[in-house]
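Let's take a friendly walk through some side-chain contacts in a protein. Keep the 3D view open and look up each residue as we come to it.

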Amino acid sequence: NRDILTLFKVEGDDFSWETGFTLPEIHSLGPKSLEVVVKTLVGSAKLWHKIFLSNPVNEGANRMFVKCCTDALDIFEIAPAKKQLSDRSVIFPGYCFMNVIAKMMTYTPPNNMSREEFEKTLAENFVKETHYQQYHQCRALAFQADVMKRHGKYEDALSVIDEMKSIYDPQLHSRVLVKEYVTDQCSDLVAASTFWLNHYGRNDEALRLCDQVV
């Protein structure tokens, strides 16, 4: 993967995992080049994650997993060529990997942001990027509800789940979500939200939702 990424270093230098790409190099990427760079970084993140899971004491692999994810997201966000991409699904796995990192690992958000602010922005960007791609939009809204729940904003999470349910069709979307994202987080969060509704005394809604889940 380093060999692929080296192709996009404008000064002829070898790509380094530590230093990544400079701002001029990111600005020089065309739409196809941007897709290749982002896809390669996300694929590299997946490989580093597998290495870490096989040897959890390998902190170097864990650090590179996080860095590849954040680099892919940063590059996609600031590259001018992004505006020329009608299909932005190449970055969607990067958002999902970052959600795994946020839930399970220690990381330092960029630009002195708090974790809550960073994750909130990440979720908002995922939702924004998935407009007009229905099952991806469902997954992005599930991501956003999960972030809100993680930071104790259950009422906000329930509102987002209501929005997600307005477009989420389990028979239509569940299988493709599992194929694309390994799990159907939409159904998981709908089920979890029954407990939140019960906690807030909205028992009739919780029972109706239980019937839908079953």
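Glu 35 has a relative accessible area of 22%, so this residue counts as partly exposed. Bear in mind as you look that the model is predicted. The side chain of Glu 35 meets that of Lys 32 in a salt bridge, with N and O 3.7 Å apart. Lys 32 is exposed, because its relative accessibility is 63%. Both residues belong to helix H3, which covers residues 31-54. Glu 35 and Lys 32 are 3 residues apart there, about one turn of the helix.

How many salt bridges does a search of the whole structure find? The search finds 17 salt bridges. Here are some of them, side by side:

| Glu 35 | Lys 32 | 3.7 Å |

Glu 77 is partly exposed, at 33% relative accessible area.

Lys 103, Arg 115, Glu 119, Asp 146, Lys 149 and Arg 150 are linked in a network of them.

Now for the aromatic rings. The count comes to 8 aromatic pairs. One of them is Phe 15 with Trp 17: the ring centres are 5.3 Å apart and the planes stand at 90 degrees, so this pair is edge-to-face. Why does Phe 15 count as buried? Phe 15 counts as buried because its relative accessibility is 2%. Trp 17 is buried as well, with a relative accessible area of 16%.

Phe 15 also pairs with Phe 21, with ring centres 5.1 Å apart. The planes of these two rings are at 40 degrees, so the pair is tilted. Phe 21, like Phe 15, is buried.

One last stop brings a charge and a ring together. Arg 139 lies over the face of Tyr 181, at 5.2 Å from the ring centre.

Conventions
Residues are numbered from 1 along each chain as its sequence is written. This is a predicted model: local features need pLDDT of at least 70, side-chain atom pairs count only at pLDDT 80 or more; totals for chains, interfaces and linings use all residues. Side-chain values use heavy atoms; hydrogens and water are left out. Rings of Phe, Tyr and Trp (its six-membered ring) pair if their centres lie within 6.5 Å; planes under 30 degrees apart count as stacked, over 60 as edge-to-face and the rest as tilted. Buried means under 20% relative accessible area, exposed over 50%, partly exposed in between (1.4 Å probe, protein chains only). A charge sits over a ring if NZ of Lys or CZ of Arg is within 6 Å of the ring centre and within 35 degrees of the ring normal. A salt bridge is a side-chain nitrogen of Lys or Arg within 4 Å of a carboxyl oxygen of Asp or Glu. Helices (H or I, at least four residues) and strands (E, at least two) are DSSP runs, numbered from the N terminus.
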